[in-house]
Amino acid sequence: HTEITALEGGELLAADGLMSIVATGPLALADLEEAVVMLEAYRAEAHRQGAAFRIAGAQIWNGYTQYLRGELGEAESELRASLETVALWGLPTHSSARTPSSFLAEVLVERGAVGEARALLDTATSPPPGSERMILLDRARMRLLLAEGRLEEALAHADVYELHAGWKCHPRYVPWRSLKAQ
């Protein structure tokens, strides 16, 4: 629980929003309640500072955390709110807007809104190969192809996903193996 220790006291949270989000990620992947608590603290600090970029980050990562916890309605609401925050405040879309789109597409697939997920991903531009955004986009595309029953395409895309994932192999965050098995 090194991540929990790093987040205690609030110094990291107040000083650097990105690092506190990075430290919260493993907590969310491990399905620990501390992730939700830390994201709420992150959100409160973002609002206290009036930092739109941090508010969007809180919405994105809380949406993803809720998705991991199976809270699909809350996940969808948070991810849609993050897209609105990005658009409303004119935040740079080269990074921030693609992450919630990938997460939202996965939530939509889980909720049975496959057509809406397809429309969302069809408008996504491809980030650089091997980037975190590309890995997330690959994951969403794999889930969508499987949901659409396009198994041959999903199998072919699994190889692309593996290539983009490189050394990253967390079975919950970069699940190319399990998606390929499906």
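Predicted model: local features only at pLDDT ≥ 70, side-chain atom pairs only at ≥ 80, totals over all residues.
Axes here are lines fitted to C-alpha atoms, for helices over the stretch in contact, and angles between N-to-C directions run from 0 to 180 degrees.

**Entry 1: α8 against α9**

I looked up helix α8, residues 114-122, and how it packs on α9. The angle is about 145°, and the axes are 10 Å apart. The crossing of α8 and α9 is left-handed. From α8, I noted Val 114, Ala 117, Arg 118 and Leu 121 in the contact. From α9 come Leu 137, Ala 140, Arg 141, Leu 144, Leu 145 and Ala 147. By class I logged eight nonpolar residues, two charged and no polar ones.

**Entry 2: α9 against α10**

Next I took α9, residues 132-147, with α10, residues 151-165. Their axes come within 9 Å and cross at roughly 165°. α9 passes α10 in a left-handed crossing. On the α9 side I listed Met 134, Ile 135, Asp 138, Arg 139, Arg 141, Met 142, Leu 145 and Leu 146. On the α10 side I listed Leu 151, Glu 153, Ala 154, His 157, Ala 158, Val 160, Tyr 161, His 164 and Ala 165. This contact of α9 with α10 has eleven nonpolar, two polar and four charged residues.

I also checked Ala 156, which sits in helix α10. Is Ala 156 buried or partly exposed? Its relative accessibility is 47%, so I marked Ala 156 as partly exposed.

**Entry 3: the core and Tyr 161**

Which residues touch the most other members of the largest nonpolar core? I found Tyr 64, Tyr 161 and Val 174, in a core of 37 residues. α9 gives the most to this core, with nine residues.

Tyr 161 is in contact with Ile 135, Asp 138, Arg 139 and Met 142, among others. The list for Tyr 161 also includes Tyr 173, Val 174, Pro 175, Trp 176 and Leu 179.

**Entry 4: Asn 62**

I moved to Asn 62, in helix α5, residues 52-68. I then skipped residues up to four places away in sequence. Asn 62 touches Leu 39, Glu 40, Arg 43, Glu 74 and Glu 78.

**Entry 5: Asp 31**

I looked at the loop between α3 (17-29) and α4 (33-49), where Asp 31 lies. Phi of Asp 31 is near 60°, a positive value in a residue other than glycine. The relative accessibility is 42%, so I put Asp 31 down as partly exposed.

**Entry 6: the whole chain**

I ended with the totals. The protein chain has eleven helices and zero strands. Along the sequence I read the pattern α-α-α-α-α-α-α-α-α-α-α. Of the 182 residues in the protein chain, 47% are buried. I also looked up contacts between residues at least 6 apart in sequence. Of these, 53% join residues at least 24 apart.

Note on methods. Residues numbered from 1 in each chain as written. Heavy atoms only, no water. Helix = DSSP H or I, 4+ residues; strand = E, 2+ residues; numbered from the N terminus. Left-handed = near helix turned anticlockwise from the far one by under 90°. Contact = heavy atoms within 4.5 Å. Nonpolar A, V, L, I, M, F, W, Y, C, P; charged D, E, K, R; others polar. Core = buried A, V, L, I, M, F, W, Y, C linked by side-chain atoms within 4.5 Å. Buried < 20%, exposed > 50% of the residue type's maximum accessible area, 1.4 Å probe, protein only.
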